[in-house]
Amino acid sequence: MTETVTAETPTTGTPITLTARAAKQVAHVLEGEESGTMLRVAVQGGGCSGFQYGFTLDDQRNDDDLALERDGVTVLIDAVSADYLAGSEIDYVDDLIGSAFKINNPNATASCGCGTSFSI
């Protein structure tokens, strides 16, 4: 099994990566949910640095969504967010200060201490 799976953004062709750890956690989150439920990752305005990452459950896949499929789970990213996430890695970390999905975004020029907001 490979460590990551990628899908290319529609505008730039730059890949977005989903790690095995993140896919495993998505599967855990989706346990008990209706069949066909997916995790949606989005970039939204707000947060202390200008943009923030949003994570929601969704059962609808839009025509322009980028879909990362791995180990039986699907992560959706809308087309606008995909441009902000181009080149990013979606991971899941579990360390002493807590566990969370972590987006390693090379486009972010600054981020806040909590790691959920960023600026470009």
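**Entry 1: the rings**

I began with the aromatic residues and found that ring pairs link Phe55, Tyr92 and Phe101 into a cluster. For the search, rings of Phe, Tyr and Trp (its six-membered ring) pair if their centres lie within 6.5 Å; planes under 30 degrees apart count as stacked, over 60 as edge-to-face and the rest as tilted.

Before going on, I noted the ground rules. This is a predicted model, where local features need pLDDT of at least 70 and side-chain atom pairs count only at pLDDT 80 or more, while totals for chains, interfaces and linings use all residues. Residues are numbered from 1 along each chain as its sequence is written, and side-chain values use heavy atoms, with hydrogens and water left out.

How many aromatic pairs does the whole structure hold? My search returned three. One of them is Phe51 with Tyr84, a tilted pair at 5.0 Å centre to centre with 45° between the planes. Phe51 lies in strand E4 (residues 51-58) and Tyr84 in helix H2, so this pair ties together parts that are 33 residues apart in sequence. My element names are DSSP runs numbered from the N terminus: helices (H or I) have at least four residues and strands (E) at least two.

I checked accessibility too, taking buried as under 20% relative accessible area, exposed as over 50% and partly exposed as in between (1.4 Å probe, protein chains only). Phe51 is partly exposed at 22%, and Tyr84 is partly exposed at 30%.

Phe55 and Phe101 make a stacked pair, 5.6 Å centre to centre and 20° between the planes. Phe55 is in strand E4 and Phe101 in strand E8, so the pair ties together parts 46 residues apart in sequence. Phe55 comes out as partly exposed, with 34% relative accessibility.

**Entry 2: the core**

Next I looked for a nonpolar core, meaning a set of buried Ala, Val, Leu, Ile, Met, Phe, Trp, Tyr and Cys residues joined through side-chain atoms within 4.5 Å. The largest one has 20 residues, and Ile16, Val41, Val75, Ile77, Leu85 and Ile90 touch the most other members. Two or more residues each come from strand E2 (15-19), helix H1 (20-30), strand E3 (38-45), strand E5 (66-70), strand E6 (73-77), helix H2 (79-85) and E7. Which element gives the largest share? H1 does, with four residues.

I then followed up on H1, where Ala20, Ala22, Ala23, Gln25, Val26 and Leu30 are buried. After H1 comes Gly32, with a positive phi near 85°.

For Val41 I listed contacts (heavy atoms within 4.5 Å). Leaving out residues up to four places away in sequence, its partners include Val75, Ile77, Leu85, Ile90 and Ile103.

**Entry 3: E7 and its neighbours**

I turned to strand pairing, which needs at least two DSSP bridges between two strands. E7 and E8 run antiparallel and are joined by seven bridges, with a hairpin of two residues linking them. Val93 stands opposite Ala100 in E8. E2 and E7 pair in the parallel sense over two bridges, and Leu18 stands opposite Ile90 in E7.

The side chains of Asp91 and Thr19 have one at 2.7 Å. Beyond four places in sequence, Asp91 also touches Arg21, Ala22 and Phe101, among others.

On the E8 side I picked Ile103, in strand E8 (residues 98-104). Ile103 counts as buried because its relative accessibility is 10%. Its contacts beyond four places in sequence include Val41, Tyr53, Phe55 and Ile90.

**Entry 4: a loop threonine**

Last, I looked up Thr37, in the loop between H1 and E3. Thr37 is buried at 15% relative accessibility. The Thr37 side chain reaches the backbone oxygen of Glu34 at 2.7 Å.

Methods:
A polar contact is a pair of N or O atoms within 3.5 Å; within protein, one must be able to donate a hydrogen and the other to accept it, and residues adjacent in sequence count only if both atoms are side-chain atoms.
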